[in-house]
Structures are given as C-alpha cells and as structure tokens.
Amino acid sequence: MIEEKDIKRLIRSAFEGQERSYSPYSKYRVGAAILTADGRIFTGCNIENAAFTPGDCAERTAVCKAVSEGCKDFEAIAVVGGASGKAPDMAYPCGVCRQVLREFVEPDKFEVIVARSEDDYERYTLEELLPKSFGPANLG
Ligand code: THU
C-alpha cells in the first residue's frame, strides 16, 4: 500500500504527463505516472496518429519509458484524463493497458490510482481491474 503523500505526488506527475498529450483526433487527453520500487516516477501521455491504429495510451507510454530505462519493478500507476476543455474524468485504464501492466507486477500488490484531482481519486489493485489474468507464469 503506498502512502497518501506518494499518491498525491503520483497524481501530480500524471497531470504533468497529461500536459504533453498528443490527441488531436479524439481530443481526449490522458496522462499517467508510474512509480518504481526505488522511488522513480516515469510519466506518459497518449500519443495519437493520423492512421489511428498506431496510437498509444498514456499508461503504455509510461511503462515503455520505464522498461526501456531498465526499470520494471513497479508499485503503482496514477491515471488522469478527460475531454479537452472539460472537467477531468475518471479515466480507467483500457483492457490492453491493464494487460501490459500485468506483465510486470503482482496483480494483488500493484495499485492503480484513477484520479480527477489530488484529492478526488479511486484506488484499486490490478487484480480488481483484471481478475483471473494471464501472465508470465502461464508460459513458465
Ligand atoms: N487512452 C489512454 O491513453 N489510456 C487508456 O487507458 C484509455 C484511452 C487514450 C487513447 C486515445 O488517445 C484516447 O484516450 C481516446 O481513446
């Protein structure tokens, strides 16, 4: 369980990620921030594409940044999002992002924080959002 002050820090970082959202097509701006066991934070934003299918979600951007920098011991992720110019939404991670996170974590320990602000958030374990999941051990 991560502490309240770390949750707020992670949510702030997710909002910083959201500022870099490249979402000219959906105009739905998403930011994420993933916390590593050694206290590092990697941010991400959604990155859309004129050809649509190559678009990337904020959560996966954050995971790819971390893993490519040698960090894959994760404790929690915060996600923020909403339609451009509108009030923040509870932007729950899509199914693909849940599965990508699942690759690197113990689902009953890793926390997903979905926030509208530093004070208005929900917290879940990945197990709650992706029950009975398929993971690396299935291929072991
Ligand atoms: N999006 C994310 O960044 N994360 C999610 O988990 C759900 C959706 C993005 C993808 C796309 O750029 C926009 O939100 C609308 O679907």
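Reader: Which elements each supply at least two residues of the lining of the largest pocket?
Author: In this predicted model, strand 1 (28-36) and helix 2 (58-68) each contribute at least two lining residues to the largest pocket.

Reader: And where does the largest share come from?
Author: Helix 2 provides the largest share of that lining, namely three residues.

Reader: How many residues line the pocket, and which lie nearest its centre?
Author: The lining has 16 residues, and those nearest the centre are Val30, Asn46, Cys57, Ala58 and Glu59. By class, ten of the lining residues are nonpolar, two are polar and four are charged.

Reader: How much space lies in there?
Author: The largest pocket holds about 190 Å³ of space.

Reader: Which residues surround the ligand?
Author: The surrounding residues are Ser26, Tyr28, Val30, Asn46, Glu48, Cys57, Ala58, Glu59, Tyr92, Pro93 and Cys94. Seven residues of this shell are nonpolar, two are polar and two are charged. Strand 1 and helix 2 each supply at least two residues of the shell.

Reader: What lies 2.5 Å from an oxygen atom of the ligand?
Author: That is an N or O atom in the side chain of glutamate 48. Asparagine 46 also places a polar side-chain atom 2.9 Å from a ligand oxygen atom.

Reader: What about the backbone of cysteine 94?
Author: A polar backbone atom of cysteine 94 lies 2.8 Å from an oxygen atom of the ligand.

Reader: How much of the ligand is buried by the protein?
Author: The ligand exposes 370 Å² when taken alone, and the protein buries 74% of that area.

Note on methods
Residues numbered from 1 in each chain as written. Predicted model: local features only at pLDDT ≥ 70, side-chain atom pairs only at ≥ 80, totals over all residues. Heavy atoms only, no water. 1 Å grid on protein atoms, 1.4 Å probe; cavity = no way out; pocket = protein on both sides within 12 Å on 5 of 7 lines; lining within 4 Å. Points joined across faces, edges and corners; volume = space filled by probe spheres on them. Helix = DSSP H or I, 4+ residues; strand = E, 2+ residues; numbered from the N terminus. Nonpolar A, V, L, I, M, F, W, Y, C, P; charged D, E, K, R; others polar. Near = heavy atom within 4 Å. Polar contact = N/O pair within 3.5 Å; in protein donor to acceptor, adjacent residues only side chain to side chain. Areas by Shrake-Rupley, 256 points an atom, 1.4 Å probe, with all protein chains shown as cover.
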